Structures are given as structure tokens and as C-alpha cells.
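Please prepare a short briefing on the structure shown here.

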Amino acid sequence: MIGRALQSVRLAEVPVATPTGRLVGASGLLLESVGCALRTGHRCSIETVGGEWIDAQVVGFRDEVSYLMPFRPATGLCTGARVLPGPEDTTQLIGPSWLGRIVDGLGEPVDGRGRLGGEHVLPAHPPRINPLKRRPVDAPLDVGVRAINGVLTLGKGQRVGLMAGSGVGKSVLLGLITRQTVADVVVVGLIGERGREVREFIDLSLGEAGLRRAVVVVAPADESPLMRLRATELCHTIAAHFRDQGQDVLLLVDSLTRYAMARREVALALGEPPATRGYPPSVFGRLPQLVESAGNGENPEGSMSAIYTVLAEGDDQQDPVVDTARAILDGHIVLSRELAERGHYPAIDIAQSISRCMALVTSHGHQAAARQLKSMAARHAQVRDLLPLGAYVPGADPATDRAVQAYPAIEAYLQQGTREAAPLADSVQRLEELTR
């Protein structure tokens, strides 16, 4: 009797029929399917002429037509091809075994070291945090960069943007921060960048020691926009998991602009009208949702600091993505092409940069010294062009005279070698000595 009961239960679990759709259209990035109800965000498989299957995701619908977008370049499709919905339960497990691994946007390893596993279920999307329960930023974050530690001090749980045009040194500075930052876990998202930079970042910026405490999520420029979106969201989900486990996490995303561009490609393919510089309105609605999943959570023992690179096209600081990121982040660090051309590394323009959490994690003496250094740098900038011509006459303004005399020391303080370490305590001490 027991055997018959178990047998009937197993038979009841077998589906009577498998719902199947069929492909009726393919235009650009979008594929159209009919004959099967598919919910948005659901994964499915599409049969090709050669009998292989391509993974895709439902991104929208109109009437009875479901719009799909493949995760990888789709070839060999034909009209009437079968579309099979994927299983509802596609949970992934995460744990300490993820440290030291390199995965794609779907969480599948690309380093050839076997499959991943763990003890905890990895959510499908980054978690939302009640703002009233979010732990405040109350401790400084040592990033190992003197100009940031001293003048633009960051806090654990802060979200900041590195903003600059192409070729100014965003990725190099991000690598320096990766090596020097004091954190338990580092989650790196290389989104939409050149494939060559992936190997260089892992070998040169992280290194073998850095990789042991890191999880790297890669989606180069030749990946589909959907894969770039999934990779960016996966970075935040992984970082949030380790944060909620009580660890100090540093999230690095290179770059937020490529995420916005991928979101734009998807939205335009679905027929959404472009608004500012070709970006549909939904892009600027999704950026805050992504960024708000970073930062500190409800657990008092963990933290999640996030640094995003933001590409300013044509060095335009009023670029819509740059302007939006500046509004939703907790600070921004602007890299100047003029400083980079003068050999000033890192090319941080302290006059245009700000850390909104600096007052929460530093002493009054530290803040006064940082303001004084900024003031002297600004006064020197006003007369910089006059100095080579001999047109500046000392004595007219004592404050400007002091700035001109101190600027060589200020410039030496703000510069740093790519392999030079600058701990937080040493950076603050040198800053106070410089401005005393």
C-alpha cells in the first residue's frame, strides 16, 4: 500500500503536458514568441535549426506576443522554432567557495575551475533595504589613496563615483583602490569594457593574493546588453549576500555608464521613445534602484561600500548619466584630463570632487585641514597662468602668496605611484603637517 501511494505521488508530479511556444519573428535584439504565456523576467530556451538551444529572457509583451532577448548572440533561428519555458525554480547557492572565482552574468564560472556551490540561496535580484533600518555610515574606509583618504575621506557603506572621460585613468585608479582597500571581500564587476582589460585587471590589479578574497563578474563589450544588465545586478546581489553575513565588502563596478547603455539598448528595442541624448526615461528610473541596493544593510556587523566608474563622454560633466550619478551617489571623484596630461597621477581634481560622508567619519581638525588645502589649491589655480609670464606680483594678497609657496608640497601630497601604499592614518598626519 505504501509503495502504491508513493508511486501515485510521483506520477502526480509528472506534468500532463509541456507548454510550448513558437517563434514568429526576429528583429534586431528582439525575438517574438506566441502560443505560450510567459511572464516578464522568465527564462526560456529557443530551438535552433541545428537542434541546439539558446537561452533567452522575457523582457516584455504586447497582446499575445512575448518579446524575448537572448543572453548570447543568436544564430540558426527560424520561424516556427519551439520556445520552451525554463523551470520556475532556478535558485543558485552561494558561499565562501565563490571567493577567488570568476563568473559571467548568469553566475556560471568562466575560469575553468568547476561549478560553484554554497550553503545559502542567492536571490534573483538585489535586495531592497528599508531606509529606516539601514545602518548609518559611521566609520572611515581606508582606500590606500592619499588624495582620497586625506581630502575626500570615504566611509564604510558609502557609494561614490569615479567620473572622467576616456583614457584619463579611471580603471588604473580603480585597480589601485582594489589592491589597497581594507575589506574582507571585494566584488568586482567588469561591465561592457574591453575584453583585454579583464585579464589585465585580474593579473595586474588584483593579483593572486587579491583574487583569493574577491569575486569577479565579467561581461565584456561583445556580450549582449541583457548579459551586461544581469552581470551588473549579480555584482550587487553577491556583495549584498556577504554584507548580510557580517563582512566588510567593497563593490567595484566598471562601469555604471555601460550599464545605462545596455539598459538603453533594451528599452529602445522595446519601442520606448528616446529622451535625453537617446536615453529613454526608464534608464534614469532604474539607476537609483540599482544604487540603492548598495550601501549598508540592516545587519550591524557588515558593511558594503561601492565605487562606480562613470564615463563622461567628451569630458562633459553635464552628461545625463554623469549628472544622474552625481545626484544619487554619496559623493563623486572627478578625474581631470588636464592633470593627466601634466603627468599628475592620480589625476583627481579636488576642487570638483566631494565626499558627502566625510563629515560623518572624520574629526573637526581633519576637516579643517582638508578645507585649508582645498582653499590653497583654488587660490593657486587662479594665478597659475600668470606665474610663467612673471605677471604675478607677490605681496598683494598674503593668502595667495602662501598658496603659491606651498603648492609644490600640495602637489607632491596629491600625487602617488601606482604601487605606492598610503594608509589612512599616514595620509591624515601628512595633511595636518602640510596645512599647520
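The points below cover the overall fold, the pocket, the cavity, a helix pair and some backbone details.

The model is predicted. The protein chain has 436 residues, of which 51% count as buried. Its secondary structure comes to 13 helices and 18 strands. The C-alpha trace spans about 100 × 50 × 40 Å along its principal axes.

**Largest pocket**

- The volume of the largest pocket is about 1100 Å³. The pocket is lined by 42 residues, and those closest to its centre are Gly41, Gln57, Ala124, His125 and Arg230.
- Five elements, β4, β7 (92-94), α5 (225-244), α6 and α7 (281-292), each supply at least two residues of this lining.
- Helix α5 gives the most to the lining of the largest pocket, namely six residues.
- By class, the lining of the largest pocket divides into 18 nonpolar, 13 polar and eleven charged residues.

**Cavity**

- The structure holds one cavity of 30 Å³ or more. The volume of the largest cavity is about 40 Å³.
- Residues that line the largest cavity are Leu141, Lys156, Thr181, Val182, Ala183, Asp248, Val249, Leu250, Ser303 and Ser305.
- Strands β15 (248-254) and β16 (303-311) each supply at least two residues of the cavity lining. The largest share, three residues, comes from β15.
- The cavity lining has five nonpolar, three polar and two charged residues.

**Helix pair α3 and α4**

- The axes of helix α3 (residues 170-180) and helix α4 (residues 195-211) come within 9 Å of each other and cross at roughly 40°.
- The crossing in which α3 passes α4 is right-handed.

**Cis peptide bonds**

- Most peptide bonds are trans, and most residues other than glycine have a negative phi. The items here and under the next heading depart from that pattern.
- The peptide bond from Asp254 to Ser255 is cis, with omega near 15°. Ser255 lies in the loop between β15 and α6 (256-269).
- Tyr345 and Pro346 are also joined by a cis peptide bond, with omega about -10°. Pro346 lies in the loop between α9 (337-341) and β18 (354-355).

**Positive phi at Asp63**

- Asp63 is a residue other than glycine with a positive phi, near 55°.
- The position of Asp63 is in the loop between β4 (53-62) and β5 (65-70).
- Asp63 counts as exposed because its relative accessibility is 75%, and the cut-off for exposed is over 50%.

**Pro123**

- Pro123 is found in the loop between β9 (120-122) and β10 (140-141).
- With a relative accessible area of 42%, Pro123 is partly exposed, as this class lies between the 20% and 50% cut-offs.
- Pro123 and Leu414 are 291 residues apart in sequence, and their C-alpha atoms are 41 Å apart in space.

Terms used: Residues are numbered from 1 along each chain as its sequence is written. This is a predicted model: local features need pLDDT of at least 70, side-chain atom pairs count only at pLDDT 80 or more; totals for chains, interfaces and linings use all residues. Side-chain values use heavy atoms; hydrogens and water are left out. Helices (H or I, at least four residues) and strands (E, at least two) are DSSP runs, numbered from the N terminus. Buried means under 20% relative accessible area, exposed over 50%, partly exposed in between (1.4 Å probe, protein chains only). On a 1 Å grid over the protein atoms alone, a cavity is a set of points where a 1.4 Å probe fits but cannot get out, and a pocket is an open set with protein on both sides within 12 Å along at least five of seven lines; lining residues have an atom within 4 Å of a point. Grid points are joined across faces, edges and corners, and a volume is the space filled by probe spheres set on the points. Ala, Val, Leu, Ile, Met, Phe, Trp, Tyr, Cys and Pro count as nonpolar, Asp, Glu, Lys and Arg as charged, and the others, Gly among them, as polar. Axes are lines fitted to C-alpha atoms, for helices over the stretch in contact, and angles run from 0 to 180 degrees between N-to-C directions. A crossing is left-handed if the near helix is turned anticlockwise from the far one by less than a right angle, and right-handed if clockwise.
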